[in-house]
Amino acid sequence: MSENGKPKFAMYWAASCGGCEIAVLNIHERILDVDANFEVAFWPVAMDAKYKDVEAMQDGEILLTLFNGGIRNEENEHIAKLLRKKSQLLVAFGSCANEGCIPGLANLSPMEALFETAYHTASTENPEGILPQYEYDVPEGTITIPTMYPVLRTLDQVVDVDYYIPGCPPESHQIEAVIDAVIAVLKGEAELPPKGTVLGVGTSTVCDECSRKRDVKKIKQFVRIQDVERIDPEICLLEQGILCNGPATASGCTALCPAAGAPCAGCYGPANGVIDYGARMMASVASVIDSRDPDEIDAILDGLVDPAGSFYRFNLAHSLLHTGQASWNGKGS
Amino acid sequence: MTGEEAQTNGHRIGVYVCHCGTNIAGVVDVEHVSEWAKDALGDRGVVVGKDYKFMCSDLGQELIQKDIEREGLDRVVVAACSPHLHEKTFRNATERGGLNPYLCEMASIREQVSWVHTNKAIATEKAKAMISGAVERVKEHESLEPFRVPIEEATLIVGGGIAGIQSALEIANAGHPVYLVEREPSIGGHMAQFDKTFPTLDCSACILTPRMSEVGVHPNIELLTWSEVEKVEGYVGNFAVTIRKKASYVINEDCTGCGICWQKCPKKVIDDKFEVGLGYRKAIYTPFEQAVPKYPVIDHDNCTYFEKGSCKACEKFCPTEAINFEDEDEVITVNVGNIVLATGYDLFDARRIPQYGYGRLANVFTSLEFERMTNAAGPTDGDIVLRDGVTAPKSVGIVHCVGSRDRNFNNYCSSICCMQSLKFAHLVHERTGAEVFNFYIDIRTPAKEYDEFYQRVLDEGTRFVRGRVAEVTDAARLPGEEGKLIVQVEDTLAGQQRRIPVDMVILSAALEPRTDAYETAKKFGIACSANGWFTEKHPKLDPVATMTEGVFIAGCSTGPKDIPATVSQGSAAAARILSYIEMGELALEPVRATVIAEQCSGCRICNDLCPFNAISYDAETELSEINIALCQGCGTCVAACPAGAITGTGFSNEQVLAQIEGLLMLNVEPQPVAEPA
Amino acid sequence: MNTTAEPAAPVREGEAATAEPSFLRWIENNTPGDSRLIMCIQCGTCGGSCPSGPDMDHSPRQVFAMVRAGLKDEALSSNTPWYCVSCYLCTVRCPQEVHITDIMYTLKSKAIEEGMAQVDAAKVWSETFIGYVEEYGRSFELGLATRHNIRHRPMGMTRAASLGVGMLAKGRIDLTPQVIEDVGQLRLILWKAKELEAEQ
Amino acid sequence: MKYMFYPGCSLHRSARPYLDSLAAIQEKLTMELQEVEDWNCCGATEYMSVYRAPAHALVGRNLALAQQQSNGSDTVMAACSACYLNLEKTENYMRTDEELNNKVNTALAEGDLHYDAGSIQVRHLLDIIYNDVGMDRIKNLVTNPLEGLKVAAYYGCMIVRPDVNQRWNSPEYPTVLEELMEALGAEVIDFPMKTHCCSGHMTQISSDVAYELIRRLIYGATHYEADILVTLCPMCQLNLDAYQIEMNNHFDTDYVMPILYFTQLMGLAFGIEPEELGIGREFVSAKQALAKIGAPVPDEVPEKGKPRRKKKKEEGLPMPQVSTRFNGGSK
Amino acid sequence: MTNEFDPVIIGFTCNWCSYRAADMAGTARIKYPHNVRLMRLMCSGRLDPTFVLKALAGGADGVLLTGCHPGECHYLEQNYKALRRVKLLKRTIAAMGIEPERVKLVWASAAEGTFLAKEIGVFVEEIKALGPLNWPQRAGINGIPVHQPEIEEVPA
């Protein structure tokens with residue numbers, strides 16, 4: 001408890017894009033409820049704070065920490081462990097902390113290749129070809145930056161996690177609902193859900209909330225959305241040959257993407273109890289391919305140009321394989 | 001929870017390792033393995049580890065029973081032979097000990113370890129891995145109860161050949177109702193077309209027609225000829241079958257079967273069904289004299305009235321006004337508990353082997369044509385003559401294996417052709433005195449009195465030439481061959497190419513699956529082999545059952561067979577069904593899939609995956625559902641559900657994943673890994 | 001199928017491993033594709049179908065039996081392959097889809113290699129033909145007929161000569177051979193192929 | 001329609017009439033033929049009798065050249081049966097037998113050549129005329145129908161057998177050439193020996209065997225009352241034509257059965273002059289037979305002794321219902 | 001421990017064909033390499049890619065999938081679904097840098113014990129040629145345990 005009697009709240013940003021932070025702010029005036037019920041103890045994006053302030057706290061002093069981002073370097077890991085120690089409830093917030101998300105896709109490539117892309121490709125102006133060094137000698141002494149790890153890990157692969165709130169980013173109405181629930185617990189009106197619960201999601205998958213008309217599925221060809229002349233606005237995208245991850249993705253987002261004519265990319269992660277998200281998509285999509293002829297099946301599958309990227313766009317770091325082979329062979333993929 | 005409890009989940013597992021005499025113990029160090037199970041797997045919940053000479057013996061089973069009672073076991077693992085042999089045995093032992101039988105799991109360390117490996121150390125390690133997998137799996141087992149369904153008393157039999165007739169009579173005589181569906185106007189099937197049956201040379205009609213009449217008048221049999229099954233719904237015990245009764249344009253209630261109509265009918269049609277194109281019938285007809293039922297049908301496509309709008313000779317002459325040109329198809333639905341498919345075979349189209357000349361050379365006949373020709377009621381009144389209808393042949397060549405044992409057509413042996421060809425040889429001898437050549441690859445006579453018949457035909461002077469006929473031609477090389485059919489063959493026993501001129505050639509054509517066998521199989525939810533025959537549940541031990549409970553198969557629809565075997569299968573199918581009817585209800589394996597409604601998104605991925613139509617979609621709730629009575633437990637939908645909303649008992653994700661983990665826990669030495677760059 | 005995984009193939013207990021590749025195995029390996037020779041059921045369709053069957057020492061069926069029995073010398077010294085007219089009737093009729101005609105070619109080349117070719121006329125005809133092909137890149141009918149007929153006279157020299165004259169008169173034969181431009185390239189290719197074949 | 005053309009040795013020599021007649025009708029059929037430059041002999045049935053892999057390398061050079069020169073067509077057309085089969089077989093075995101493919105390409109590499117198995121389609125002239133040009137167009141081109149001419153359509157062996165790519169409707173009883181002849185207005189006889197052997201190279205090896213095989217065919221065609229036997233293979237034409245007289249001498253018979261290429265008959269039906277089609281270069285003169293369709297009758301007409309076939313009785317058992325066209329031998 | 005690579009392979013069989021083929025290989029005493037550890041599913045249609053990934057991630061060097069021949073599935077046509085899933089799975093793992101040859105689908109009927117034994121031998125050789133996969137050990141790279149998170153004590 002803080003001096004003013006309000007429980008402490010923290011939010012941290014590891015390997016992620018920052019969208020989750022914006023999503024929290026996106027709940028508009030409801031953010032005031034947070035302020036009314038919590039003292040914000042540590043939230044680097046929103047306020048000034050020092051790691052040493054956190055280190056100085058008692059263990060368990062923070063009641064609730066929303067941690068977003070994956071663990072990609074020494075610093076991420078250090079803070080994850082630190083916040084774990086100082087928080088009573090550590091929540092993996094957003095797709096990166098939950099399942100690796102887009103930063104997790106980097107697990108398909110070795111670090112050298114990542115640096116190559118980041119510092120030596122057309123999008124980067126770096127005429128001298130400078131690469132960051134972990135240690136660098138300057139007149140004032142040696143400066144260091146955190147060591148980068150060969151692969152990204154999710155929060156629960158590094159520390160124990162109490163709750164999960166998925167989404168890239170989590171939808172505002174789901175954040176609001178979680179905040180309401182936490183406040184209700186604070187007021188003694190409700191009990192905490194069992195540890196490990198995934199919060200802010202529905203019990204089923206995106207199709208459950210999708211307004212498109214669904215029929216029996218028989219896929220004769222896959223098409224990429226940019227190659228489709230006209231997308232039928234009524235019919236299930238998968239039935240139109242567009243790879244939509246909706247069937248395998250946890251509901252809770254209100255199926256915004258398919259409603260707008262874009263296939264579900266899968267940011268809410270797997271449904272409850274699912275062990276490997278990509279496997280679910282592979283099994284279901286392959287099951288409804290309408291062919292028994294091996295060559296024809298191959299021809300149909302040729303339409304899925306990027307299987308690893310399509311099925312593991314968000315979930316790679318939390319999948320059974322976790323990485324691609326190249327990331328520890330040290331070879332370019 | 002302590003660390004140990006986390007691993008064991010509080011389980012108390014007994015592991016029993018069978019010696020199987022020396023079958024396992026000779027290669028696997030069973031004592032070591034049982035000790036290891038108790039010691040090394042203690043922290044994974046194993047509290048008993050024992051080995052015994054024969055686990056499947058009474059004493060071995062008692063060991064399990066007593067340990068369950070004394071040691072409070074809640075799971076049992078038996079490392080022995082294949083579960084296909086003794087899973088039931090050990091489940092029963094587990095049940096007798098007071099546990100649910102499904103809490104027992106077997107590890108196959110005989111068929112998959114001791115019998116296939118020789119190195120003792122390696123075999124012992126692999127046995128451990130198999131047990132480790134079973135231990136992890138059994139923890140995820142659940143108590144299951146068999147699924148029970150009531151059995152409707154009536155039976156549907158599809159196909160009125162001798163197999164269907166036999167089944168129908170057996171069931172009807174036991175006092176239970178039967179619907180017998182036949183798509184031709186009469187029952188009788190191929191057997192009605194034959195003249196004599198081998199090897200006894202009984203007259204086919206003489207032994208068949210009494211059975212046919214019995215079917216016709218049986219109070220428990222509802223005969224639905226000129227009818228076809230359109231749709232099958234439901235599951236064992238409770239099928240709803242939709243049948244189309246084709247319009248016959250004859251009012252059966254008024255028809256006396258007097259035959260005036262077909263005598264008066266002016267339209268002569270080549271009968272390509274019953275007479276296989278060798279004779280004629282009228283546009284209104286019964287296929288043959290002794291047809292059951294006796295009522296004729298009008299062949300719509302060939303009837304002058306339907307073609308031209310006038311004629312109606314049959315109507316004019318019918319003494320009982322039994323003709324109704326306004327007749328229409330009727331669709332009925334019957335409820336039955338079991339189904340027998342006895343849909344028979346088609347004859348191989350001999351035109352597909354052009355070098356045998358059938359269709360081009362007049363005096364090349366198929367086996368079925370020859371059957372009709374020798375039949376006293378057939379188009380030649382039983383005279384064996386050339387296509388000119390009058391000339392008796394002086395020499396006849398009989399070609400075996402036409403379209404059989406030939407990878408260009410059918411790679412199986414049609415099994416009846418040898419005996420049939422021997423019968424033909426005998427009949428030709430008997431009726432014409434002509435010289436007969438039988439051309440064969442092998443003579444296959446493996447049944448009662450069959451080889452004796454071969455001896456008899458040899459004794460009659462039939463000339464046997466061992467060699468598959470290369471060609472039958474009228475292309476004479478020498479003037480002496482002119483006007484003859486020349487059978488060119490290598491006489492493999494003489495090592496010579498021979499050209500044998502004959503007057504008539506009979507092709508013993510292969511038996512093939514019905515051209516619509518695949519559609520029929522799909523309709524009834526059963527499988528066809530690659531060749532197209534219906535697939536048995538087990539080819540040896542359950543030859544008349546199929547993978548779909550309640551659907552049985554008999555006769556040539558499952559593969560070529562002779563009349564005795566066909567009749568046996570008809571009886572066998574009936575016996576299986578009678579025992580189901582007797583039981584009143586059926587206990588089915590509880591390996592089934594279920595949809596967890598709250599997790600189902602109604603995405604409909606699973607909807608078309610079940611060949612047994614167990615999955616349906618409820619448009620109201622927008623959820624998919626599984627009818628567990630129809631489910632056969634294959635697990636395809638479980639694997640396909642993108643939401644993980646379908647679970648399967650007996651082979652749940654948890655069970656399979658735990659077993660994988662268990663199998664890998666004993667990973668042999670970790671392999672050196674290249675250091676990362 | 002290539003038998004790459006020989007060592008891993010299962011061995012039945014008590015079954016002795018074959019010491020060296022048998023003649024049967026050699027024929028199979030040296031016939032392109034899958035010869036299916038081991039699938040022969042000795043039905044005689046080949047011998048019955050063969051247009052020159054009556055002139056053969058043995059029917060193809062018998063030769064296959066010899067090959068399978070390891071009777072290499074008997075098989076290679078049979079005139080059977082040399083009387084094969086490459087009509088492929090046996091191949092398309094064979095109920096076991098044995099590549100009979102292709103096997104005949106393999107037997108012929110093996111018989112030449114082993115010096116066992118029995119029908120000198122056929123062997124010489126083939127070799128003479130090949131000689132012209134390797135010399136000019138194309139066949140040379142006149143040269144071929146003349147050179148062959150000096151040693152073998154299937155029709156007698158006079159008749160052959162009159163046929164040749166007839167061909168000339170009908171404008172259906174050339175007096176000089178046609179030579180392809182890059183006959184050197186062709187020879188390099190053929191020599192290499194022969195080298196590869198000899199390695200085996 | 002554009003094709004690459006592999007003429008083969010015979011078409012430039014003994015089968016000149018085949019090449020001439022093809023050249024004469026090619027334009028009418030709108031076929032554009034590009035000869036494979038510097039092609040070499042296919043090896044006939046001889047090369048393969050002595051060498052295994054080199055025989056395929058020999059053919060491989062032709063395939064490689066064709067691939068190299070390919071300009072708008074991946075089809076190589078051959079008119080000679082042996083050429084057609086050898087090209088097709090090597091192509092097929094290179095595609096399906098990796099070891100052989102490697103050997104051939106290693107050898108080709110010596111001549112800086114390479115062939116990618118599967119990149120060339122090998123087809124026979126008749127296949128192209130029947131399927132690509134089509135019967136409708138042929139019928140339209142006919143100005144002088146061959147009415148009254150009884151033709152035995154003869155395929156020989158290697159076009160329809162072993163037919164590795166399943167291009168023909170039957171290996172035993174094909175009907176394509178018959179349909180073409182009917183389209184030209186000729187009367188086609190049912191000739192059961194249409195795919196039997198012409199004796200191939202046996203003329204050079206055993207005249208006894210060769211004469212017997214030739215006799216069977218000539219006797220058969222005569223027996224079935226053909227005026228003319230039409231062929232599509234240089235070897236068949238040569239054996240049946242040039243050796244027919246020798247065969248008659250050998251057996252003391254007097255058969256007169258003219259042997260023409262199908263392209264020659266096509267030319268006649270299209271109204272092209274006989275000389276342009278190489279008619280007259282055959283040993284057994286076709287003049288008398290062609291007189292039936294209006295060609296000038298020569299001075300001397302040899303007597304034709306032919307047995308008459310017995311007529312079938314009107315009455316009798318119905319024949320099996322058979323379409324006039326057989327639908328292939330195998331599944 | 002010998003230096004020779006001794007792969008571990010998990011094999012999935014269907015209850016009706018390939019498991020019985022394995023039974024038959026046993027009954028006929030046909031020897032095959034010990035490296036494959038077989039487990040039973042009711043049908044190859046039960047095959048969930050999760051199982052394959054679990055096996056690879058858990059230390060298997062290869063996964064052998066077996067089922068009834070096309071057209072002979074005891075559940076009529078479910079093995080075609082297995083075929084399609086395996087094809088897609090192989091593409092995905094290939095994209096992740098794992099040799100797709102580590103996953104192999106083999107059809108074997110109940111009568112093909114000898115054939116299955118031979119195919120097991122062939123597959124073991126193929127995996128030996130590919131070398132170890134060792135996913136769990138490799139994933140522990142740079143001291144970062146990936147699959148066993150280091151969980152710190154949490155105050156109550």
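Of the seven pairs of chains in contact, which share the most contacts? Chains C and D do; two residues are in contact if their C-beta atoms, placed from the backbone, lie within 7 Å.

This is a predicted model: local features need pLDDT of at least 70, side-chain atom pairs count only at pLDDT 80 or more, and totals for chains, interfaces and linings use all residues. Residues are numbered from 1 along each chain as its sequence is written, and chains are lettered from A and ligands numbered from 1 in the order in which they are written.

**View 1. The fold of chain D.** Chain D has 15 helices and eight strands. Helices (H or I, at least four residues) and strands (E, at least two) are DSSP runs, numbered from the N terminus. The C-alpha atoms of chain D fill a box of roughly 65 × 50 × 45 Å along the principal axes. Of its 331 residues, 59% are buried (20 or more other C-beta atoms within 10 Å of the residue's own, with C-beta atoms placed from the backbone). Among contacts in chain D with a separation of 6 or more, 79% join residues 24 or more positions apart.

**View 2. Helix H8 of chain A.** H8(A) covers residues 172–186, and its end C-alpha atoms are 21 Å apart. Gln174(A), Ile175(A), Ile179(A) and Val182(A) are the buried residues of H8(A). They lie on the same side of H8(A), because they cover an arc of only 140° around the axis (from the directions from the helix axis to the C-beta atoms). The buried residues of H8(A) pack against helix H1 (19–25), helix H2 (31–37) and strand E3 (62–68) of chain A. Just after H8(A), Gly188(A) takes a positive phi of about 75°.

**View 3. Chain E against chain B.** Here 47 residues of chain E are in contact with 44 residues of chain B. Elements giving two or more residues to the chain E side include helix H2 (49–57) and helix H3 (78–95) of chain E. H1(E) gives the most, with six residues. By class, this side of chain E has 22 nonpolar, 12 polar and 13 charged residues. Ala, Val, Leu, Ile, Met, Phe, Trp, Tyr, Cys and Pro count as nonpolar, Asp, Glu, Lys and Arg as charged, and the others, Gly among them, as polar.

View 4. No contact joins chain A and chain C; their closest C-alpha atoms lie 19 Å apart. Chains A and D also have no contact, with closest C-alpha atoms 16 Å apart.

Notes:
A residue is buried if 20 or more other C-beta atoms lie within 10 Å of its own, exposed if 12 or fewer, and partly exposed in between; C-beta atoms are placed from the backbone. The expected span of a helix is 1.5 Å times one less than its number of residues.
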